[in-house]
Each structure stands twice: as structure tokens, then as C-alpha cells.
Amino acid sequence: MPAYRIFRLKENLRQQFRWAPHVSGLASAKPKDYEEDIVIEALTPYAAWTELRSAERPLQVGDLLDLGAGELRILKYVGFEEAQWILPEMKADLGSVPQ
């Protein structure tokens, strides 16, 4: 049975996510906006959602499921959609450039 790592959207960003217009396609997520929570075993992301519905902390709109192998799903009002992490670009260290 697959194991899903759950990443919770930080509470201060949840309202902003809820009121943002829905766009289809690949969603982008910043790691700094999420906190890693638990790992849950379920057959599908929807089975994980169903299992956590009655838990102390159910999945909420904006939360992410990491399916492993770099696959992410974000919970939206319409269900789960594909997502990807947006990683900050590394800035070049200008002090180490030879003159």
C-alpha cells in the first residue's frame, strides 16, 4: 500500500489560497509555505482524504500529498491536482569569481 507524506499549508496562507481563482494545470508550491505533517498509508490520494476526514486534523484545501518519486498532489475544491515544488534559484557567489 502506498505511503503519502502530508504537507500542511501554513494557516496564515490558507485564506489567501481559498480566495485565489482556480486555475487548471500544474500547481506550483513553495516549500517555505508548508509544514511536513504525517505519513499515511492508503490506496489512493482520495482514500487518504476519506480516512482523514474524521480525524482530528483532516486534509484541507491547499494541503499537499507527496506520492514519492517527485509526484505531488494538491487538494483543491475540485479534488486533487498535480503540483510541483518551486525551489528558489541559487545566487552566484560573486566573491569567488576570479578577476
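Let's start with a pairing inside the sheet: Ile-6 has Leu-65 in strand 4 as its bridge partner. Keep in mind that this is a predicted model. The chain holds two helices and six strands, and along the sequence they come in the order β-α-β-β-α-β-β-β.

**Strand 1 and its partners**
- Strand 1 and strand 4 (residues 64-68) run antiparallel, with three bridges joining them.
- Strand 1 also runs antiparallel to strand 3, and here six bridges make the link.
- On the strand 3 side, you'll find Tyr-4 standing opposite Ile-40.
- Strand 1 covers residues 3-9, and five of its seven residues are buried, so the rest of the structure largely encloses this strand.

**A look at Asp-33**
- Asp-33 sits in the loop that runs between strand 2 (27-29) and strand 3 (34-41).
- Is Asp-33 buried or exposed? Asp-33 counts as buried because its relative accessibility is 16%, and the cut-off for buried is under 20%.
- Which residues does Asp-33 touch, once neighbours within four places in sequence are set aside? Its contacts are Arg-8, Leu-9, Lys-10 and Leu-13.

**The chain as a whole**
- The chain has 99 residues, and 32% of them count as buried.
- Take the contacts with a separation of 6 or more: 67% of them are between residues 24 or more positions apart.

Terms used:
Residues numbered from 1 in each chain as written. Predicted model: local features only at pLDDT ≥ 70, side-chain atom pairs only at ≥ 80, totals over all residues. Heavy atoms only, no water. Helix = DSSP H or I, 4+ residues; strand = E, 2+ residues; numbered from the N terminus. Buried < 20%, exposed > 50% of the residue type's maximum accessible area, 1.4 Å probe, protein only. Contact = heavy atoms within 4.5 Å. Pairing = 2+ DSSP bridges.
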